[in-house]
Amino acid sequence: MKKLINAVDNVLSETLDGFAAAHADIVELGEERKFIRRRSLKKGKVGLISGGGSGHEPLHGGFVGHGMLDAACPGQVFTSPTPDQMLAAAQAVDTGGGVLFIVKNYEGDVMNFAMAAEMAGDIIGSPVATIITDDDVAVETSTYSTGRRGVAGTMIVERLVGAAAEQGQDINALQTYGKSVNARTRSMGVALTSCTVPAAGKPTFTLADNEMEMGVGIHGEPGRRRVKLASADEIAAEMMGAITGDLAPKPGQQAVLLVNGFGGTPSMELYLMCNAARKILAGQKVLVARCLVGSYVTSLEMAGCSLTLSMVEDNDMALWDSPVHTAALRWKM
């Protein structure tokens with residue numbers, strides 16, 4: 001194992017200290033590093049909190065800030081944060097509008113956030129609600145989840161719901177909207193190599209030089225099947241075929257396309273995959289309203305990528321284009 005670390009036990013704490021120092025204008029760390037919090041909170045706004053195992057950076061801490069999350073709870077690598085972290089975050093960001101948890105569909109995350117929601121409801125005196133993301137079309141169940149996994153589409157939910165929260169929508173409206181966005185968002189990934197969890201010290205799985213894992217999960221969970229390496233066009237066709245087959249978009253319908261790297265994929269290859277995906281969508285007469293390319297929901301140093309398609313409705317594009325200022329995503333319109 002070759003990694004830029006000092007000691008396995010200190011990877012997360014030292015990472016969080018570096019992140020907070022680098023983005024001190026946007027975020028601050030909670031007590032005992034239980035959460036990353038937005039530095040400037042807005043009175044009466046619904047507080048958005050997400051979190052999960054570390055190793056997927058910039059998800060979730062990189063999306064704390066104006067127009068997205070108010071706090072993120074980082075667990076150990078690929079391990080759910082604890083309910084006390086989530087409760088502490090809820091207490092830190094509640095300003096009277098209540099707290100909305102955005103939770104990826106993994107067993108530990110769902111269980112711990114449910115416990116935190118129950119405790120927070122009794123303690124903070126404001127309403128508490130939850131959105132569960134399950135955008136992965138590759139498998140219905142996996143090592144970590146019952147039902148579809150929550151993967152890169154979580155970022156789209158966080159962005160759109162975060163923008164709506166910034167505009168002052170109440171917690172019930174935000175929960176309903178977030179569930180709607182999740183329902184029309186689908187993702188699928190492919191791995192060319194494994195990743196290595198520092199505590200394990202060896203790759204999670206092995207692939208031959210001419211193999212790839214189609215439909216891999218963001219923790220390295222098995223996908224649909226292991227197959228021979230194919231061209232980018234062929235890979236994009238299978239992934240996008242599964243996505244559009246599930247979403248059944250209508251000709252002329254608009255969508256947001258996210259081409260997401262898993263941590264070890266060069267930008268050159270991600271943009272090439274973007275081109276391949278756009279050609280497929282053009283053939284189906286699906287209009288790509290916005291396209292985002294980069295490594296946003298990673299799996300440590302895994303080589304590979306995921307494609308996410310989120311079908312556009314109503315005010316989505318106005319919310320997407322509204323100002324956002326986080327460590328990993330920022331623009332002004």
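This is a predicted model: local features need pLDDT of at least 70, side-chain atom pairs count only at pLDDT 80 or more; totals for chains, interfaces and linings use all residues.

**Two pairs of helices**

Two packed helices are described by the angle between their axes and the distance between the axes. The table gives both values for each pair.

| Helix pair | Angle between axes | Distance between axes |
|---|---|---|
| α6 (residues 232-247) and α7 (residues 267-283) | about 50 degrees | 9 Å |
| α4 (residues 153-166) and α5 (residues 171-183) | roughly 150 degrees | within 9 Å |

Start with α6 and α7, which pack at an angle of about 50 degrees. That angle makes α6 oblique to α7. The two helices cross in a right-handed way. Which residues of α6 and α7 meet? On the α6 side they are Ala232, Asp233, Ile235, Ala236, Ala237, Met239, Met240 and Thr244, and their partners in α7 are Leu272, Met273, Ala276, Ala277, Lys279, Ile280 and Leu281. Sorted by class, the residues of this contact between α6 and α7 are 12 nonpolar, 1 polar and 2 charged.

Now turn to α4 and α5, whose axes cross at roughly 150 degrees. Angles over 145 degrees count as roughly antiparallel, and α4 and α5 are therefore roughly antiparallel to each other. The crossing of α4 past α5 is right-handed. From α4, the residues Ile156, Val157, Leu160, Val161, Ala164 and Ala165 take part in the contact, meeting Leu174, Tyr177, Gly178, Val181 and Asn182 of α5. This contact of α4 with α5 holds 9 nonpolar and 2 polar residues, with no charged ones.

**The cysteines**

How many disulfides does the model have? The count comes to 0. Cys195 is in no disulfide, and the nearest cysteine sulfur, which belongs to Cys305, lies 15 Å away. Is Cys195 buried or exposed? Cys195 counts as buried because its relative accessibility is 0%.

Cys274 is in no disulfide either, and here the nearest cysteine sulfur is that of Cys291, at 3.2 Å. Cys274 is buried, with a relative accessible area of 8%.

Asn112 belongs to helix α3, which covers residues 107-123. With a relative accessible area of 12%, Asn112 is buried.

Is Glu107 buried or exposed? Its relative accessible area is 56%, so Glu107 is exposed.

Ala163 takes us back to helix α4. At 1% relative accessibility, Ala163 counts as buried. Ala163 and Arg278 are 115 residues apart in sequence, and their C-alpha atoms are 26 Å apart in space.

Methods:
Residues are numbered from 1 along each chain as its sequence is written. Side-chain values use heavy atoms; hydrogens and water are left out. Axes are lines fitted to C-alpha atoms, for helices over the stretch in contact, and angles run from 0 to 180 degrees between N-to-C directions. Helices (H or I, at least four residues) and strands (E, at least two) are DSSP runs, numbered from the N terminus. Angles under 35 degrees count as roughly parallel, over 145 as roughly antiparallel, 65 to 115 as roughly perpendicular and the rest as oblique. A crossing is left-handed if the near helix is turned anticlockwise from the far one by less than a right angle, and right-handed if clockwise. Contact means heavy atoms within 4.5 Å. Ala, Val, Leu, Ile, Met, Phe, Trp, Tyr, Cys and Pro count as nonpolar, Asp, Glu, Lys and Arg as charged, and the others, Gly among them, as polar. A disulfide is a pair of cysteine sulfur atoms within 2.5 Å. Buried means under 20% relative accessible area, exposed over 50%, partly exposed in between (1.4 Å probe, protein chains only).
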